Amino acid sequence: MNTLFLLMAQYEGRAVIPLDRVCADYMNLTVQRFKEKQLAGEIDIPIVRLGARSQKAGLGIHLKDLADYIDRQREKATREQAQLMGRKD
């Protein structure tokens, strides 16, 4: 299964997904809390600023970065599950 292609279908081929949408769909966080966690290094995913370099510029997540993040989280969960089950996957 290819996460990138699934996300392309979900977000209708958009390259950059608005940050508020990613937060609602995948993070269960407010945009402000997401930015705090990202700046603290708790969430390893870059934020793309679209438009002028101002506070009002649109913020988003590039589709590939979101797919990579989801895949990394899955790998981490798979390793943790294997450890819990006593497997050496």
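Start by selecting E12: this residue follows α1 and has a positive phi, near 55 degrees. Helices and strands here are DSSP runs numbered from the N terminus (helices are H or I with at least four residues, strands E with at least two). Before moving on, note that the model is predicted, that local features need pLDDT of at least 70 and side-chain atom pairs pLDDT 80 or more, while totals for chains, interfaces and linings use all residues. Residues are numbered from 1 along each chain as its sequence is written, and side-chain values use heavy atoms, with hydrogens and water left out.

**Stay on E12**

E12 is not a glycine, despite that positive phi. You will find E12 in the loop between α1 and β1 (16-18). Is E12 buried or exposed? Its relative accessibility is 64%, so E12 counts as exposed (buried is under 20% relative accessible area, exposed over 50%, partly exposed in between, with a 1.4 Å probe and protein chains only).

**Step back to the start of α1**

Now select N2 and L4. A side-chain oxygen of N2 comes within 3.0 Å of the backbone nitrogen of L4, at the start of α1.

Next, pick T3, which belongs to helix α1 (residues 3-10). T3 counts as buried because its relative accessibility is 15%. Show the side chains of T3 and D71 together: a polar contact of 2.5 Å joins them (a pair of N or O atoms within 3.5 Å; within protein, one must be able to donate a hydrogen and the other to accept it, and residues adjacent in sequence count only if both atoms are side-chain atoms). Setting aside neighbours within four places in sequence, T3 is in contact with A67, I70 and D71 (contact means heavy atoms within 4.5 Å).

Helix α4 covers residues 63-84, and α1 packs against α4 at an angle of about 130 degrees, with the axes 9 Å apart. Axes are lines fitted to C-alpha atoms, for helices over the stretch in contact, and angles run from 0 to 180 degrees between N-to-C directions. The contact is made by T3, L4, L7 and M8 of α1 together with L63, K64, L66, A67, I70 and D71 of α4. Colour these residues by type and you get 7 nonpolar, 1 polar and 2 charged (Ala, Val, Leu, Ile, Met, Phe, Trp, Tyr, Cys and Pro count as nonpolar, Asp, Glu, Lys and Arg as charged, and the others, Gly among them, as polar).

**Last stop: N28**

Finally, select N28, in the loop between α2 (19-27) and α3 (31-39). Phi of N28 is positive, near 55 degrees, in a residue other than glycine. N28 counts as exposed, at 74% relative accessibility.
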